[in-house]
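Have a look at the structure first, then at the points below.

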Amino acid sequence: MAQTPIDVLILRALFERTAGYVSGVELAEQAGVTRAAIWKHLDQLQQMGYPIEAQPHYGYRLGEPLPDVWCA
């Protein structure tokens, strides 16, 4: 499955903020899409093996272990 520019934006935002969470609202505003669209992309990235954790009221962050190679 090829990654889209939204996937790249999400992964970059998560990787740059390893010390905290990135909100779905923030990701949606950056990408110019709805939070539902962000959620669908996050779900696809998780299915591809990216360790993305979701925490209600906080947002999303990268879990462990981080991949050695980033496809985006």
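How many aromatic pairs does the count come to? Keep in mind throughout that this is a predicted model.

1. On the aromatic side, the count comes to one aromatic pair. Its partners are Y21 and Y58, with ring centres 5.6 Å apart and 40 degrees between the planes, so the geometry falls in the tilted class, which sits between the limits of 30 and 60 degrees.

2. Are the two tyrosines buried or exposed? Y21 has a relative accessible area of 24%, so it counts as partly exposed. Y58 comes out at 54%, and therefore counts as exposed.

3. Next, D7, which sits in helix α1 (residues 5-16). D7 is buried, yet has no salt bridge. The nearest side chain of opposite charge is R12, and that is 12 Å away. A salt bridge would need a side-chain nitrogen of Lys or Arg within 4 Å of a carboxyl oxygen, so R12 doesn't qualify as a partner for D7.

4. So which side chain does D7 make a polar contact with? That would be H41: a polar contact of 2.8 Å joins the two side chains. H41 is found in helix α3 (residues 35-47), whereas D7 lies in helix α1.

5. A bit more on H41. Its relative accessible area is 15%, and because the limit for buried is under 20%, H41 counts as buried. Not counting residues up to four places away in sequence, H41 touches T4, I6, D7 and I10.

6. Leaving aside neighbours within four places in sequence, L9 is in contact with L27, Q30 and A31. For Q30, the C-alpha to C-alpha distance from L9 is 8.0 Å, with the two residues 21 apart in sequence.

Terms used: Residues numbered from 1 in each chain as written. Predicted model: local features only at pLDDT ≥ 70, side-chain atom pairs only at ≥ 80, totals over all residues. Heavy atoms only, no water. Helix = DSSP H or I, 4+ residues; strand = E, 2+ residues; numbered from the N terminus. Buried < 20%, exposed > 50% of the residue type's maximum accessible area, 1.4 Å probe, protein only. Lys, Arg positive; Asp, Glu negative; His and termini not counted. Polar contact = N/O pair within 3.5 Å; in protein donor to acceptor, adjacent residues only side chain to side chain. Contact = heavy atoms within 4.5 Å. Phe/Tyr/Trp six-rings, centres within 6.5 Å; stacked < 30°, edge-to-face > 60°.
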